[in-house]
Amino acid sequence: MAQAVQFDRYGDIDVLKVVEVADPVPGPGEVVVAVVAAGINPGEAKIRAGLLHERWPATFPSGEGSDFAGRIAALGAGVSGIAVGDEVLGFTHRRASHATHVVVPAEQVTPKPAELSWDVAGALFVAGTTAFAAVRAVSAEAGDTIAVSGAGGGVGSIAVQLLRARGATVIGIAGPAKHDWLRAKGVRPVAYGEGLAERLRSAAPDGIDAFIDTYGSGYVELALELGVTPERIDTIIDFAAVQRYGVKADGNAAADTIDVLAELADLAAAGTIEVPIAATYPLARVREAFGELERDHIHGKIVLHP
């Protein structure tokens, strides 16, 4: 029997359980992947808590998880160009990757580069494609000065590196514990909190051209106060500000293609971007994993090992 994380009502981490489920069987055009690593994401915690019910309702019992990396365990009819045992990374839209096995359309997996660790491969999809979409949304170009809130988090830490790869000057808003890492990536770190607007003006005396908000809590308003135009502000979390000010909200859904994931995997394998891994947990300790995630201010990604 396979195992999967499920919850049958909205709530805190206590509603999560690991249950036995039937071994998945691939349909035509599908593959079954034996999961080696699966990242967890803040949005999954919010869905489980019911905070995103209006936008992304759960159907109970609900699984969870989008990111994964593993080995092909079975092929459905009509699948070619891939074999049992192949190492892949990919994504599912069925909230199902926090499990020992996941079944997905064959076009939602891509070969895992040999140089890419399992943990990074299994945690790349949501954070990576969200960062990719946000960077694209603000039309980042060489010579731009761009600020990123939550710059040490799962999405922010990738976004700042993608921006640097484009030749932008990057200001990373983060707690002091993450400043050394940001400096090592060529990012100008700025501490959040009271007086932030003044610190940003000092860090960018010629002004800020674009702003990526991965945290919420008023950063869109701050960007506007600093003179950034709405079309060059992207928030992945403050949907009320999108309605109020007409800023962009490009995130994972704007770049969730296998081509983008493959490009990110190649960048990570080449060392162009680093995906920090904050912690790993066995599947049975999924509650602890989300408990750590929800304490906030972690640096990078938390990964489950089924």
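Predicted model: local features only at pLDDT ≥ 70, side-chain atom pairs only at ≥ 80, totals over all residues.
**Entry 1: the annotated span**
I started with the record. UniProt, in an unreviewed entry, puts "domain: Enoyl reductase (ER)" at residues 11–304. I checked how far apart the ends of 11–304 sit, and their C-alpha atoms are 20 Å apart. For secondary structure, I got 30% helix and 23% strand over that span.

**Entry 2: helix α1**
Next I looked at α1, residues 42–49, and asked which of its residues are buried. I found E44, A45, I47 and R48. Looking down the axis of α1, I saw these buried residues fall within an arc of 160°, so they line one face of the helix. What do the buried residues of α1 pack against? I get β3 (30–40) and α10 (286–294). I also looked just past the end of α1, where G50 has a positive phi of about 85°.

**Entry 3: α1 against α10**
I followed up on the helix partner. For two packed helices, I want the angle between the axes and the distance between them. The α1 and α10 axes come within 10 Å, with a crossing angle of roughly 105°. That value lies in the 65 to 115 degrees range, so I logged α1 as roughly perpendicular to α10. Then I listed who meets whom: from α1 I have P42, E44, A45 and R48, and from α10 I have F290, L293 and E294. Sorting this contact by class, I count four nonpolar and three charged residues, with no polar ones.

**Entry 4: I47**
I went back to I47, which sits in α1. Is I47 buried or exposed? Its relative accessibility is 14%, and the cut-off for buried is under 20%, so I call I47 buried. Leaving out residues up to four places away in sequence, I find I47 touching Y10, L52, W56 and R95.

**Entry 5: helix α6**
Last, I ran the burial check on α6, residues 196–203. Here L196, A197, L200 and A203 come out buried. Their arc around the axis is only 125°, which puts them on the same side of α6. Which elements cover them? My list includes β9 (169–173), β10 (188–190) and α7 (219–225).

Conventions: Residues numbered from 1 in each chain as written. Heavy atoms only, no water. Buried < 20%, exposed > 50% of the residue type's maximum accessible area, 1.4 Å probe, protein only. Helix = DSSP H or I, 4+ residues; strand = E, 2+ residues; numbered from the N terminus. Arc of directions from axis to C-beta. Contact = heavy atoms within 4.5 Å. UniProt positions renumbered as here; feature names shortened; annotations may be inferred. Axes fitted to C-alpha atoms, helices over the stretch in contact; angles between N-to-C directions. Parallel < 35°, antiparallel > 145°, perpendicular 65-115°, else oblique. Nonpolar A, V, L, I, M, F, W, Y, C, P; charged D, E, K, R; others polar.
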